Protein chains: 2
Amino acid sequence: MTDIDKIDRKILSILQADGRIANVELAERIGLSPTSIGERLKRLQRDGFVEGYGARLNPHRLGLGLLVFVEVMLDKTTPDVFERFAKAVQTAPEVLECHMVAGGFDYLVKARVADMTAYRRFLGESLLALPGVRETRTYAVMEEVKRDAPLPVG
Amino acid sequence: MTDIDKIDRKILSILQADGRIANVELAERIGLSPTSIGERLKRLQRDGFVEGYGARLNPHRLGLGLLVFVEVMLDKTTPDVFERFAKAVQTAPEVLECHMVAGGFDYLVKARVADMTAYRRFLGESLLALPGVRETRTYAVMEEVKRDAPLPVG
DNA sequence: TTATTGGCCGGATAAATGACTGATATTGAC
DNA sequence: GTCAATATCAGTCATTTATCCGGCCAATAA
């Protein structure tokens, strides 16, 4: 149920890189029969190791050339600021990730927008418009050194 | 070559959520024939909108329970510190993302490890071992509010 | 008008898939 | 060593899928 062997890890590793690989090819790359691989993959999906499959899109090609990270500090006066902020973040399409962190600020937001103009609009109309947001610090990404790396399963 | 219409965006949107969807189902969800969808998708891949497909894995299930962000400041004394750091980051499996940012520090690193013990090892043996690393600030994620959101293609 | 281009469609073929079967290791407990 | 449980394998078969091909239609340009 929760244990996973070397072959499973290999399956996951290959599937991370190519989620659309055919079962037969996956099988012969690993050196087992397609039946076994199919059963293993089914189990991996049932047990929650594989949550789904998705296409990797090129953000720049889609006009989302600017990646920004925003540190957000909240007013801890009202008790439900955290919930309300978390909820609002879910609906904002620009926000790709949002994490509550321990340290100097409360939330770290990762967002993608077209350019600086779009970012200023997003900041003003989405982030700062939220109640309880006391302060934000923006870091614009100049160069994406490493992006979308696979999880280390091996 | 570079233009993209509403149907294309719909294709990309669906494929982001389910990268393994069959062409026929994709076609009937959109309302076109499988042939057309196939041709469009082929074009989208050829023109670089779709870079690939991948399985979405559950990091917690794989024993990677701790997500951390690390702000890294470099010594700008040697001219090639940036290149060397960027290169080293590529080979570190714990590092999922690394971005050069404008602002108070130089690099923002996103990494996944098993726990705090593993993180301390990673910090000491990987990050701080790199020449030119002057200072780091670590932010451990307490709660992942939003994770792996799709790019806003619509 | 005529030709051309691009997008869409439907048919046909070859491949892959999923679901089953039964046989054969391999493993671990007793 | 024996036994049961598990995993793998090969094989079959119906179904689904991807892809190629030719033809259709509308918009555009000559």
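Mentor: One convention before we begin: helices and strands here are DSSP runs, a helix (H or I) having at least four residues and a strand (E) at least two, and they are numbered from the N terminus. Please also keep in mind that this is a predicted model.

Trainee: OK, with that in hand, where is B:Pro79?
Mentor: B:Pro79 sits in the loop of chain B between β2 (66-74) and α4 (81-91).

Trainee: And is B:Pro79 buried or exposed?
Mentor: Its relative accessible area is 74%, and because the cut-off for exposed is over 50%, B:Pro79 counts as exposed. If you want a distance for orientation, B:Pro79 and B:Arg134 are 55 residues apart in sequence, while their C-alpha atoms are 15 Å apart in space.

Trainee: Let's switch to the interface. How many residues of chain B are in contact with chain A?
Mentor: On the chain B side there are 66, and they are in contact with 66 residues of chain A. Between them the two chains bury about 6,000 Å², with 56% of that area on carbon and sulfur atoms. Within chain B, the residues that lose the most area to chain A are B:Arg20, B:Arg61 and B:Lys146, which together account for 14% of what that side buries.

Trainee: How many polar contacts and salt bridges go across?
Mentor: Across the interface of chain B and chain A there are 48 residue pairs in polar contact, counting pairs with both residues at pLDDT 80 or more, and there are four salt bridges. On the chain B side, α1 (6-17), β1, β2, α4, β3, β4 (107-113) and β5 (133-146) each supply at least two of the residues that touch chain A. By residue class, that side of chain B divides into 40 nonpolar, eleven polar and 15 charged residues.

Trainee: In what sense do the two β1 strands pair?
Mentor: Strand β1 of chain A (residues 50-57) pairs with β1 of chain B in the antiparallel sense, over seven bridges. Within that pairing, A:Tyr53 stands opposite B:Ala55.

Trainee: Back to the salt bridges, what does B:Glu97 pair with?
Mentor: B:Glu97 forms a salt bridge with A:Lys110, and the closest N and O atoms are 2.8 Å apart. The pair crosses between chains, from strand β3 (residues 95-102) of chain B to strand β4 (residues 107-113) of chain A.

Trainee: Why do B:Glu97 and A:Lys110 count as buried?
Mentor: The limit for buried is under 20% relative accessible area, so B:Glu97, at 5%, counts as buried, and A:Lys110, at 10%, does too.

Trainee: And which residue does A:Arg147 meet?
Mentor: The side chain of A:Arg147 meets that of B:Glu51 in a salt bridge, at 3.3 Å from N to O. A:Arg147 lies in the segment after β5 (133-146) of chain A, whereas B:Glu51 is in strand β1 of chain B, so this pair joins two chains. A:Arg147 is partly exposed at 30% relative accessible area, and B:Glu51 is partly exposed at 40%.

Trainee: What about B:Arg147?
Mentor: B:Arg147 forms a salt bridge with A:Glu51, the closest N and O atoms being 3.2 Å apart, and another with B:Asp148, at 3.7 Å from N to O. Through shared partners, salt bridges join A:Glu51, B:Arg112, B:Glu144, B:Arg147 and B:Asp148 into one network.

Trainee: Last one: how many salt bridges does the structure hold over all chains?
Mentor: Over all chains, the structure holds 28 salt bridges.

Terms used:
Residues are numbered from 1 along each chain as its sequence is written. Chains are lettered from A and ligands numbered from 1 in the order in which they are written. This is a predicted model: local features need pLDDT of at least 70, side-chain atom pairs count only at pLDDT 80 or more; totals for chains, interfaces and linings use all residues. Side-chain values use heavy atoms; hydrogens and water are left out. Buried means under 20% relative accessible area, exposed over 50%, partly exposed in between (1.4 Å probe, protein chains only). Contact means heavy atoms within 4.5 Å. Buried area is the accessible area (1.4 Å probe) that two parts lose on being put together, summed over both. A polar contact is a pair of N or O atoms within 3.5 Å; within protein, one must be able to donate a hydrogen and the other to accept it, and residues adjacent in sequence count only if both atoms are side-chain atoms. Ala, Val, Leu, Ile, Met, Phe, Trp, Tyr, Cys and Pro count as nonpolar, Asp, Glu, Lys and Arg as charged, and the others, Gly among them, as polar. Two strands pair if DSSP finds at least two bridges between them.
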